[in-house]
Amino acid sequence: MLTKEENELLCRVEGDAAMGRLMRRHWVPVCLTEEVSEPDGDPVHARILGEDLVVFRDTEGRVGVMDEYCPHRRVSLVYGRNEDCGLRCLYHGWKMDVEGTVIEMVSEPAASNMAERVKHKAYKVQEWGGMVWAFMGPQDEVPEFVPPSWAPERDTKVSIAKVLVPCNWAQILEGAIDSAHSSSLHSSDFVPARVGGAEATDKNWLRPSTDKAPRMQVHRTSYGFRYAAIRRPITNAAQNDYIRSTVFVAPGTVLIPPNNLYNVANVNVPMDDTNTVFYFIAWGARETTPDTETWRKFLGASVGRDLDERYRPLRNMENRFWQDRQAMKAGNFTGIKGFPNQDIAMWVTMGPIANRSDDRLGASDLAIVEFRRQMLEAVQAFAQGAPAIGTAGQRIPSSVCAFQAIVPKSVDWREFQSAPVGREPGADPELETNYQTTA
């Protein structure tokens, strides 16, 4: 349970809200690279932390992330002309480059030096892992871009599903770190089986346990926390535990226990107080990680089939998320296709911002309790001048990953030697750092 004041502090990100200011000290995903893949292509609208942005790729291939509204008369630049290394406003022809420099003011006299006195708001930009990232904090304090754990190398295969979810970021994050719900909500997709560990098929994810009430243990870190959901395995339960260890990387990333073929991650970016960009990611070796189209189809998150052209779900409360009650009678637990869609139904029905004063948490909610406690402590410390959680020397080490395994009871999961799928335990790859920050 949280007080109303604590819930507001945790959830609000717009304007001068402390949590939003904390998040601005991190590099933030703004959109998918595929949305702005073409030089001089269509500009894209993005709303991040309560701020409306325009994203475009110029003639030379550079990406700009700027205030959506023209500095002249505040017309939307999403409708502008993307041409000759700049974005031109339709209203009076003002043109800005990716750095926000006004390079033409055709409506002003030739002798005017007004362009020299106007600078449009633009953010430093980085492309990595199939996303366009921006640093939306102070532009004179831009930190080094460090590749995320789910795309440690430039050639890492990454497949991303994107969904705009009409609810607050924190209830989505809590869902992503909640291991206990998967045994109920996703029970028709995460199927118990006599396997040696989690395995993926083209229809289901198999797991070696029927245990629906895992024991939870949490290990707090400088970047967030690791935690384990400990279940009884189907075989040799007297000697072994089945461990699913999840990693929370503040402020909005979750490394989810993998299957035998690829790794999984979730990134949550607040659009504003009551809307969130939800990214669900498969990553790993090229031979075993699904391609983007296959991944989105598997999740039920394909544009044109499950989402509209702006990544908004076609399933919603008005149509009951396309829930199939006949399928439920036939044995499907939820009647909702695609486990992210099952999650989205739960998150959205909590309301735009969940009322945490009324919830009743149990032993299986240990990670939820830790998330709330840690992020409230972090945002309060940040408001008093401390560095934002997970920045600078508090970053997640490259050796930390989520894992799942059948482990002897004598082994502490915190010390268990693990590595992302496709990499041997103990291997610490030299990260490729030939990225460049622009704008």
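**Note on a predicted model: salt bridges and overall build**

1. The side chains of R356 and E174 join in a salt bridge, 3.2 Å from N to O. R356 sits in the loop between α6 (339-349) and α7 (366-383), while E174 belongs to helix α3 (residues 169-177). These are distant parts of the chain, 182 residues apart. Both R356 and E174 are buried. Keep in mind that the model is predicted.

2. Look next at E370 and R220. Their side chains also meet in a salt bridge, at 2.6 Å from N to O. E370 is in helix α7 and R220 is in strand β15 (residues 215-220). Here the linked parts are 150 residues apart. Is E370 buried or exposed? E370 is buried, at a relative accessible area of 9%. R220 is partly exposed, with 36%.

3. Salt bridges can also share partners. R81, E83, R88 and E104 are joined into one network in this way.

4. K121 and E51 form another salt bridge, and their closest N and O atoms are 3.5 Å apart. K121 lies in the loop between β8 (102-104) and β9 (122-128), and E51 lies in strand β3 (residues 51-57), so this pair ties together parts 70 residues apart in sequence. K121 is partly exposed, with a relative accessible area of 41%. E51 counts as buried, at 11% relative accessibility.

5. How many salt bridges does a search of the whole structure find? The search finds 28. As background, side chains of opposite charge can pair when their charged atoms come close. The chain has 49 positive and 58 negative side chains. The centres of these two sets lie 5 Å apart.

6. Now the overall build. The chain has seven helices and 21 strands. A compact globule of 439 residues would have a radius of gyration near 22 Å; the chain has 23 Å, so the two agree. Along the principal axes, the C-alpha atoms fill a box of roughly 85 × 50 × 50 Å.

7. What share of the 439 residues is buried? Buried residues make up 55% of them. The chain exposes about 19,400 Å², and carbon and sulfur atoms supply 48% of that area. Consider also the contacts with a separation of 6 or more: residues 24 or more positions apart account for 63% of them.

8. H186 deserves a look. H186 is in the loop between α3 and β12 (190-192). At 2% relative accessibility, H186 counts as buried. Which residues does H186 touch, leaving aside those up to four places away in sequence? They are H181, F339, Q342 and D343.

9. Check the backbone at P251. The peptide bond from A250 to P251 is cis, with omega near 5°. P251 is placed in the loop between β17 (240-249) and β18 (253-256).

10. R74 is not a glycine, yet its phi is positive, near 65°. R74 lies in the loop between β4 (63-67) and β5 (81-83). R74 counts as partly exposed, at 45% relative accessibility.

11. F321 is another non-glycine residue with a positive phi, near 55°. F321 lies in the loop between α4 (292-299) and α5 (325-329). Is F321 buried or exposed? F321 is buried, with a relative accessible area of 7%.

Technical notes
Residues are numbered from 1 along each chain as its sequence is written. This is a predicted model: local features need pLDDT of at least 70, side-chain atom pairs count only at pLDDT 80 or more; totals for chains, interfaces and linings use all residues. Side-chain values use heavy atoms; hydrogens and water are left out. A salt bridge is a side-chain nitrogen of Lys or Arg within 4 Å of a carboxyl oxygen of Asp or Glu. Helices (H or I, at least four residues) and strands (E, at least two) are DSSP runs, numbered from the N terminus. Buried means under 20% relative accessible area, exposed over 50%, partly exposed in between (1.4 Å probe, protein chains only). The radius of gyration is taken over C-alpha atoms; the globule rule is 2.2 Å times the number of residues to the power 0.38. Contact means heavy atoms within 4.5 Å. Accessible areas come from the Shrake-Rupley method with a 1.4 Å probe; for residues, only the protein chains shown count as cover. Lys and Arg count as positive and Asp and Glu as negative; His and the chain ends are not counted. The place of a charge is taken as NZ of Lys, CZ of Arg, CG of Asp or CD of Glu.
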